Amino acid sequence: MDKVIRFENLNEEYREVAQIIGIDPELPHLNSTKPSDYKSYYDEETKNIIADWFAEDIKKFNYRF
């Protein structure tokens, strides 16, 4: 693997990779949903479960809940 694309920057980072490898840089936008506050779906217990399960990714990408 040469590059990890962050979902929050998907369009921009995908375009860069697509240009490098010579494919169409446009992604279709299918099955879109209205933005929502994902934080409202978690309580302290589920936050801790996610924090434990994805600890390596959270550290690597400097994510914050």
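A: Helix α2 gives the largest share of the lining of the largest pocket, namely three residues; helices here are DSSP runs of H or I with at least four residues, strands are runs of E with at least two, and both are numbered from the N terminus. The model is predicted, so that local features need pLDDT of at least 70 and side-chain atom pairs count only at pLDDT 80 or more, whereas totals for chains, interfaces and linings use all residues. Residues are numbered from 1 along each chain as its sequence is written, and side-chain values use heavy atoms, with hydrogens and water left out.

The largest pocket has a volume of about 340 Å³. A pocket is an open set of points on a 1 Å grid over the protein atoms alone, where a 1.4 Å probe fits, with protein on both sides within 12 Å along at least five of seven lines; lining residues have an atom within 4 Å of a point. The volume is the space filled by probe spheres set on the points, which are joined across faces, edges and corners. The lining consists of Y38, Y42, K47, I50, A51, F54, D57, I58, Y63, R64 and F65, and α2 and α3 each supply at least two of its residues.

Y42 lies in the loop between α1 (10–21) and α2. Leaving aside residues up to four places away in sequence, Y42 touches K47, I50 and F65, a contact being heavy atoms within 4.5 Å. Y42 is partly exposed at 32% relative accessible area; buried means under 20%, exposed over 50% and partly exposed in between, with a 1.4 Å probe and protein chains only. F54, in the loop between α2 (44–53) and α3 (55–61), is likewise partly exposed, at 36%.

Both residues belong to a nonpolar surface patch of about 900 Å², made by Y38, Y41, Y42, I49, I50, W53, F54 and F65. Patches take residues with over 30% relative accessible area and no salt bridge, joining nonpolar side chains (Val, Leu, Ile, Met, Phe, Trp, Tyr) within 5 Å and like charges within 9 Å.

K47, also in the lining, forms a salt bridge with E44, their closest N and O atoms being 3.2 Å apart; the criterion is a side-chain nitrogen of Lys or Arg within 4 Å of a carboxyl oxygen of Asp or Glu. The two residues are three apart in helix α2, or about one helical turn. K47 is partly exposed at 26% relative accessibility, whereas E44 is exposed at 52%.

Technical notes: Accessible areas come from the Shrake-Rupley method with a 1.4 Å probe; for residues, only the protein chains shown count as cover.
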